[in-house]
Amino acid sequence: MDSGECSNSTPSSSSPPAAGVWARLVPADSAYPEVAVAEDDAVVCSLVAPAAGGEELAWCEIRRGGDASSATIRNLSSDAIIVDGRVIQQEVVDIKPGSEIVPGPQKEGHLAYTFDVTAAKDHNENNVKIVLDIDNAKCSICLNLWHDVVTVAPCFHNFCNGCFSEWLRSAISWKNHFLHNIEEAILKAFSSLQRSDEEIALLESYASVKSNIVLGNQKNQSRKRPLPRPSDESNDAELPCPQCGTEFAGFRCNPGAAHLQCNGCGGMMPARPSTSIQQKCLGCDGAFCGAYWYSQGVNSRHRGLICNPETFRMISQHHISRLPDTLHGGNPVEKDITERCIQQSGKTLQAVISEWIAKFDNKELDRSRLQLNNVDAVTSRTYLCNHCYNKFVDFLLYWFRVSTPRNLLPPDAASRDNCWYGFMCRTQHHRPDHARKLNHVCRPTRTSPNLPDLLLRPVLQQ
């Protein structure tokens, strides 16, 4: 095989395209077959030392662009490649039908390919493929995978039937059977996302959307409606927040008072920055009403559109009993290894998190990987929403793993080499064999002009 050939580029007759193929690489030498580029596998690989059995290595990644005739290519190999006469290192560049791609730093000794888009030529109902995107298949209320998913108009956001029914007021919603099929497909592919029978039973007991189309209260629900005056004659359910028209904890909203809309339930609360009560998550700067209404003695018996206090608490008050689904970028192999490391330590998950929160408070950890706003101001007394708290747990457990001595790792994990791209590796998410073979809970060590220096800092600050 010539240097730089694709792993399937051996002289042979053409094979039928794989399902989901939308583009192809056409070799300059017709004795070699075309390379198919599929929606669910954008990485093109090559073989090193094929005579000796070889190892399959990522060569480049090709992804569809904003329109039917555009795409992007990213070099994943250890050497440069040539795209339309330009030498490419690791940067992402645009390509179009007719672009010439050479899998090496010079044309000599490498088989050149021409990029071509095929999706528009072969698109029919039987070729439609659903791309499973877990991050966009979660309920915005509980932040878990949908259960009995419903869709709300006019925003077309999707929620669990039970979660949405808890705060349903005036909207148009229907049971979304198309997304229900996606829910089932994801659960088949990622069984770890399956909820417990008790949680599903609870959601089923809350669910009130039973048919394909459900019409709620059809009164005018314009978001630009002015806040009603306390003296206006109106039903309490029509007031934007419990303290508009009613006094709680010695406070009642003034006419035209500024309000915040909760990112969790969509309800309203008065904006009171002068109080000591936290109303915004420091991690995402979003407003959350749970802590505020709890301090005011207001709960769902007074108004249904109110978050549970457990949705917005100080870091030290959060309790965790299971690893977040998003741990280690959603890599199930690394999540399982971390879970076994915790079990081998003889400590509970909560105990491990508490131990590393103390290290965090003592500024023993480099915070550059913490994907939150205002990272320097975060302490154990910082209020975080559940979504940001899961990011914080992910951050702590990353340092827990990288600081665990190799001899204390499970045997199947102790012998693995580190991936060059570390936690930034994209191949780990669509190549299970790659995820199992290499450790991805580590810093990127591959030199890249786009890699920030802060990602290469020591594990613990000295």
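Hi everyone, let's start with a strand pair: E5 and strand E8, residues 92-95, run antiparallel and are joined by four bridges. Strands here, E, are DSSP runs of at least two residues, numbered from the N terminus, and two strands pair if DSSP finds at least two bridges between them. Within this pair, Ala71 has Ile95 of E8 as its bridge partner.

A quick word on the model: it is predicted, with local features needing pLDDT of at least 70 and side-chain atom pairs counted only at pLDDT 80 or more, while totals for chains, interfaces and linings use all residues. Residues are numbered from 1 along each chain as its sequence is written, and side-chain values use heavy atoms, leaving out hydrogens and water.

Back to E5, residues 71-75: four of its five residues are buried, meaning under 20% relative accessible area with a 1.4 Å probe, protein chains only.

Now the open sheet. Six strands line up as E2-E1-E10-E9-E6-E7, with antiparallel pairing. At the edges sit E2 (35-38) and E7 (86-88), each pairing on one side only. Inside that order, E6 (residues 81-83) and E9 (residues 100-102) share two bridges, and Val83 is partnered with Ile101 in E9.

Last, the cysteines. Cys262 is buried at 4%.

Definitions and conventions
Buried < 20%, exposed > 50% of the residue type's maximum accessible area, 1.4 Å probe, protein only.
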